[in-house]
Amino acid sequence: MEKISKENVSKLWPTETNQRILNYMEVIIEALEDKYHQNIPNRYILQLDLLRDLWKNYFKVSNELVKNDIYLKGENGRIYQNPALDTQQRLYAKIMDCLKTLGITVFEEKREKILDKKLGEDKGASAQELLETLIS
């Protein structure tokens, strides 16, 4: 298995043809590289694969919404909300949950910095190291 790194994104997902998804995965992996000092644990590939799949579905649904209106008219003339809108919103929430779990949203980064400060960065383990120790 290839090392998880920004430079290896196209090798990690060789069949991915959507450059936008590859670019997003590079940004995500770059944030993880910063967080893990260029040494992302291999186990994260599972979550990154799921995240890539969420992006694929999110963009498919978004393209559907571009082609069709948010509100559609049924055969009986009744107007209803395009089901793709709800699907897009649920996919967005799942993507954000995944990013939060990885600890790379702006809020999560600030939270870790606050925890580091409270623990005293100069006096020992960072909050991330402490959390990983507790989880292990």
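Does Lys56 count as buried, exposed or partly exposed, and at what relative accessibility? Lys56 counts as partly exposed, at 27% relative accessibility; the class lies between buried (under 20% relative accessible area) and exposed (over 50%), with a 1.4 Å probe and protein chains only.

This is a predicted model, in which local features need pLDDT of at least 70 and side-chain atom pairs count only at pLDDT 80 or more, while totals for chains, interfaces and linings use all residues. Residues are numbered from 1 along each chain as its sequence is written, and side-chain values use heavy atoms, leaving out hydrogens and water.

A salt bridge is taken as a side-chain nitrogen of Lys or Arg within 4 Å of a carboxyl oxygen of Asp or Glu. By this rule there are five salt bridges, including those tabulated here.

| Salt bridge | N to O distance |
|---|---|
| Arg52 and Glu16 | 3.3 Å |
| Lys56 and Glu16 | 3.2 Å |
| Arg52 and Asp53 | 3.2 Å |

Glu16 lies in the loop between helix 1 and helix 2 and Lys56 in helix 3, so their pair ties together parts 40 residues apart in sequence. Helices (H or I, at least four residues) are DSSP runs, numbered from the N terminus. Glu16 is buried, with a relative accessible area of 7%.

Asp53 is partly exposed at 33% relative accessible area, whereas Arg52 is buried at 14%. Salt bridges with shared partners join Glu16, Arg52, Asp53 and Lys56 into one network.

Notes
Helix = DSSP H or I, 4+ residues; strand = E, 2+ residues; numbered from the N terminus.
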